Amino acid sequence: MTGRAFDRPAFALAEDLDRALGDPEAPSGPFSYAEIVEHEENGALPPGAVDTIRAWGFADHLVPETFGGKLRNLEQLFLLTRSLSRRNVTVAVMFGSAVLGVNPVWLWGTDEQRRRVAEGFLSGDLACFAVSEPDHGSDLGTNETTAARDGDDYVVTGEKWPVGNATRGRFVTVYAKVEGAGSSLLLIDKEQQEEVTWDNHPFVRTVGLRGHDLSGLTFRGTRVPSSALIGRPGAGLPEVLQVLQITRTAIGALSVGTMDSVLRIGLRHSRDRILYGAPIYEIPVIRRHLLGGFLDLLIAECTALPVARALTVAPSRLSLWSSVVKYLVPTLGEEVVQEMARVLGARSYLREGVAHGAFQKLQRDHAIASIFEGTTHVNLHGIAAQLRAVARVAETPARKGEEVLGALFDWSEEAPRWEPSGRALRLTNAAEDEITRGWGPAVEEARRIAGSELPAAEAAALVKVLDAFGERRRAFYARVDSDAFDAVSTEGQDLAAEHCVHHAAASCLYTWLHSFGAERAAEGGTGWLVLVLQRLLQRIDPAAELDETFLPWLEERILASLDGPEHFSLRTVKEAVGA
């Protein structure tokens with residue numbers, strides 16, 4: 001680690017956005033809970049919300065630097081999306097849907113396509129990704145939308161639904177079966193169409209994300225030039241699968257931002273609500289819900305942020321790692337939301353009162369995180385399909401593994417700049433998984449540190465939890481390597497879910513090794529790692545328990561930062577340790 005892990009431009013930019021959005025507990029403002037809930041009741045965004053985001057320059061950070069924007073890398077976008085999701089997930093999803101719609105252009109588009117889309121985005125236009133069809137959902141192999149050749153043009157016919165930004169979006173990336181080539185991606189610019197030959201569907205009435213444009217399109221012989229083709233003819237299916245690797249990773253930011261907000265709401269309520277003569281925080285089960293939720297947030301951050309960095313460090317690994325993030329982080333988010341609902345009790349069900357009734361909106365909005373860009377089951381299947389190849393080399397360190405892990409987990413350095421290229425992404429990892437394969441050397445280093453740098457209590461607790469994980473891990477990957485399971489089976493899903501736990505445990509360990517070098521021996525500098533590893537162990541060993549020794553320091557830090565502007569995150573922990 002060469003510097004302060006959080007003292008760099010990507011984090012500073014997210015802090016600036018936080019300041020621009022203001023205090024969500026303020027009585028008014030487009031990003032105050034009061035106005036968000038009031039207008040959501042009518043299926044609308046607060047007046048001025050989108051204008052505030054655009055005035056800050058959010059759209060500039062959706063266009064890569066190489067195409068004239070300010071988007072440096074996926075880590076930067078992840079941090080910005082986390083900040084936005086702390087306030088209003090609906091607005092974050094609106095811009096996220098736009099990113100999904102244009103990423104194929106950044107990756108495979110022509111210079112002219114990239115120029116036109118970049119200019120449109122920088123002027124405030126939106127985009128959509130028209131892939132899903134009413135009768136087929138995630139079955140991308142079944143595609144009824146067609147693009148027939150007619151001279152130098154394609155004539156597009158078919159229905160796409162549901163699609164985020166389908167009505168408001170100017171640019172439409174449509175997945176269609178091109179005559180003579182097969183499924184391909186086409187870019188339709190509504191402003192360049194001479195006549196309107198498509199119908200917009202009404203907005204879908206949804207449980208959450210009220211005010212978001214989730215609608216659809218029916219193309220009635222929509223004519224586009226042959227230059228509308230994105231990438232190679234017939235490459236639509238692999239292009240869709242590859243572009244989803246980016247947005248699946250970014251969805252983790254929706255969950256981490258939501259976890260931050262519901263934890264704050266739960267903690268404030270537990271501090272202010274008096275029952276039986278004392279704040280309800282003093283009730284042991286309430287305290288357990290709150291502290292466990294904070295540990296889950298740290299786990300989610302340790303798991304997701306390095307994979308966001310991987311787009312410009314090790315992009316060929318995203319086929320596996322993005323699915324790990326897409327399964328585990330929203331799952332953790334759902335569990336934290338449920339835990340905070342238990343803290344709030346009956347008030348979690350109210351559309352008024354605590355935090356102006358924002359909790360029930362956050363709960364409904366976050367439910368989409370595990371559904372879009374591939375459901376939980378779809379992502380677990382993608383992991384299971386690659387799991388045996390990973391298991392065979394799980395105990396063998398990867399060549400240049402330490403170099404890759406350093407670039408992923410040393411958060412003192414900015415992630416490299418993104419130079420979009422579809423050639424960098426792969427459909428499978430081919431067992432290239434430094435996060436899984438680096439566990440052994442990382443444990444050896446942790447043991448060395450425990451024996452030479454750490455106080456006795458921290459050293460003993462760390463070694464104990466690493467031993468417990470190591471034993472289960474060896475048995476798990478040996479079983480995967482020898483078991484002839486089917487990736488689509490329930491066994492395959494369960495094995496994939498456990499792999500995600502081991503992936504997350506390794507990610508937490510690497511974060512401590514690479515970003516907590518100066519703080520490890522101080523109070524709390526290793527205790528947080530022991531606690532998150534114990535929390536993860538509880539997912540596969542119900543008998544595992546959190547070490548109460550390390551909890552008081554952590555809860556002091558949480559409560560001390562409750563009313564501050566900074567995120568609940570490892571930054572809270574690191575800065576407290578270093579203070």
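The second largest pocket holds about 460 Å³ of space. Here a pocket is an open set of points on a 1 Å grid over the protein atoms alone, with protein on both sides within 12 Å along at least five of seven lines, and its volume is the space filled by probe spheres set on the points, grid points being joined across faces, edges and corners. The model is predicted, so local features need pLDDT of at least 70 and side-chain atom pairs count only at pLDDT 80 or more, while totals for chains, interfaces and linings use all residues. Residues are numbered from 1 along each chain as its sequence is written, and side-chain values use heavy atoms, with hydrogens and water left out.

The second largest pocket is lined by 25 residues, of which Asp18, Arg86, Gly564, Pro565 and Glu566 are the closest to its centre; a lining residue has an atom within 4 Å of a point. Two or more lining residues come from each of α1 (9-21), α4 (74-87) and α7 (236-272). The largest contribution is that of α1, with 5 residues. Helices (H or I, at least four residues) and strands (E, at least two) are DSSP runs, numbered from the N terminus.

Salt bridges come next. Side chains of opposite charge can pair when their charged atoms come close. With a salt bridge taken as a side-chain nitrogen of Lys or Arg within 4 Å of a carboxyl oxygen of Asp or Glu, a search of the whole structure finds 50 of them. One network of salt bridges links Glu112, Arg115, Arg116, Glu119, Asp125, Arg170, Asp189 and Glu191.

In the pair of Asp296 and Arg535, the closest N and O atoms are 2.9 Å apart.

Glu445 is partly exposed, at 31% relative accessible area, and so is Arg448, at 43%. Between Asp272 and Arg271, the salt bridge has an N to O distance of 3.6 Å. Asp272 is exposed at 53% relative accessible area, whereas Arg271 is partly exposed at 35%.

Turning to the strands, β3 (residues 153-164) and β7 (residues 214-225) pair in the antiparallel sense over 10 bridges, pairing being called when DSSP finds at least two bridges between two strands. Within this pairing, Val163 stands opposite Ser215 in β7. Strand β6 (residues 198-200) also pairs with β7 in the antiparallel sense, over 3 bridges, and Asn200 stands opposite Leu217 in β7.

Finally, Gln493 belongs to helix α16 (residues 490-515) and is buried, at 14% relative accessibility. A polar atom of the Gln493 side chain lies 3.0 Å from the backbone oxygen of His377. Leaving aside residues up to four places away in sequence, Gln493 touches His377, Leu380 and His381, where contact means heavy atoms within 4.5 Å.

Conventions
Buried < 20%, exposed > 50% of the residue type's maximum accessible area, 1.4 Å probe, protein only. Polar contact = N/O pair within 3.5 Å; in protein donor to acceptor, adjacent residues only side chain to side chain. 1 Å grid on protein atoms, 1.4 Å probe; cavity = no way out; pocket = protein on both sides within 12 Å on 5 of 7 lines; lining within 4 Å.
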